Amino acid sequence: MAHVNEVAGYTLFPRADSWYMGANIPGKPRVFMPYVGGVGVYREKCGQVAADGYEGFLLSA
């Protein structure tokens with residue numbers, strides 16, 4: 001999430017007071033979920049997470 005927030009910070013998305021950021025629901029934390037750093041970087045990040053055995057994720061059956 002730190003990287004997602006960092007990349008989003010280069011855009012106007014986090015500054016928008018809109019439903020996209022959750023601003024339409026009182027009390028809801030404003031969270032930016034999409035990745036706007038480019039599909040190539042996204043694929044690299046996903047590949048690294050998989051190669052590291054999904055460290056930080058809780059996997060269960």
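**Exercise 1. The salt bridge**

How many salt bridges does the count come to by the rule that a side-chain nitrogen of Lys or Arg lies within 4 Å of a carboxyl oxygen of Asp or Glu? Find the partners and describe where they lie.

*Solution.* Before starting, keep in mind that this is a predicted model, in which local features need pLDDT of at least 70 and side-chain atom pairs count only at pLDDT 80 or more, while totals for chains, interfaces and linings use all residues. Residues are numbered from 1 along each chain as its sequence is written, and side-chain values use heavy atoms, with hydrogens and water left out.

Step 1. The count comes to one salt bridge. Side chains of opposite charge can pair when their charged atoms come close.

Step 2. The partners are Arg 30 and Asp 17, whose side chains meet at 3.4 Å, N to O. Both Arg 30 and Asp 17 lie in the loop between H1 and H2, so the pair ties together parts that are 13 residues apart in sequence. The helix names follow DSSP runs numbered from the N terminus (helices are H or I, at least four residues; strands are E, at least two).

Step 3. For accessibility, buried means under 20% relative accessible area, exposed over 50%, and partly exposed in between, with a 1.4 Å probe and protein chains only. Arg 30 is partly exposed at 39%, whereas Asp 17 is exposed at 67%.

**Exercise 2. Aromatic pairs**

State how the rings of Trp 19 and Tyr 20 are arranged, and name the cluster to which they belong.

*Solution.* Step 1. Rings of Phe, Tyr and Trp (its six-membered ring) pair if their centres lie within 6.5 Å; planes under 30 degrees apart count as stacked, over 60 as edge-to-face and the rest as tilted. The structure holds six aromatic pairs.

Step 1. In one of these, the ring centres of Trp 19 and Tyr 20 are 5.4 Å apart and their planes stand at 85 degrees, so the pair is edge-to-face.

Step 2. Trp 19 is exposed, with a relative accessible area of 62%, while Tyr 20 is partly exposed at 35%. Together with Phe 13 and Phe 32, Trp 19 and Tyr 20 form one aromatic cluster.

**Exercise 3. The largest pocket**

Describe the volume and the lining of the largest pocket, and say which helix gives the most to that lining.

*Solution.* Step 1. On a 1 Å grid over the protein atoms alone, where a 1.4 Å probe is used, a pocket is an open set of points with protein on both sides within 12 Å along at least five of seven lines, and lining residues have an atom within 4 Å of a point. The volume is the space filled by probe spheres set on the points, which are joined across faces, edges and corners; for the largest pocket this is about 300 Å³.

Step 1. The lining consists of Met 1, His 3, Val 4, Tyr 35, Tyr 42, Lys 45, Cys 46, Val 49, Tyr 54 and Phe 57. Helix H1 (2–8) and helix H2 (39–51) each supply at least two residues, and H2 gives the most, with four.

Step 2. By class, the lining residues divide into eight nonpolar, one polar and one charged, where Ala, Val, Leu, Ile, Met, Phe, Trp, Tyr, Cys and Pro count as nonpolar, Asp, Glu, Lys and Arg as charged, and the others, Gly among them, as polar.

**Exercise 4. H2 and the segment after it**

Compare the span of H2 with the expected value, then examine the backbone at Gly 53 and Tyr 54.

*Solution.* Step 1. The expected span of a helix is 1.5 Å times one less than its number of residues. H2 has 13 residues and reaches 18 Å from its first C-alpha to its last, close to the expected 18 Å.

Step 1. H2 is followed by Gly 53, whose phi is positive, near 70 degrees. Tyr 54, in the segment after H2, has a phi near 60 degrees, a positive value in a residue other than glycine. Tyr 54 is partly exposed at 40% relative accessibility, and this residue is also part of the lining of the largest pocket.
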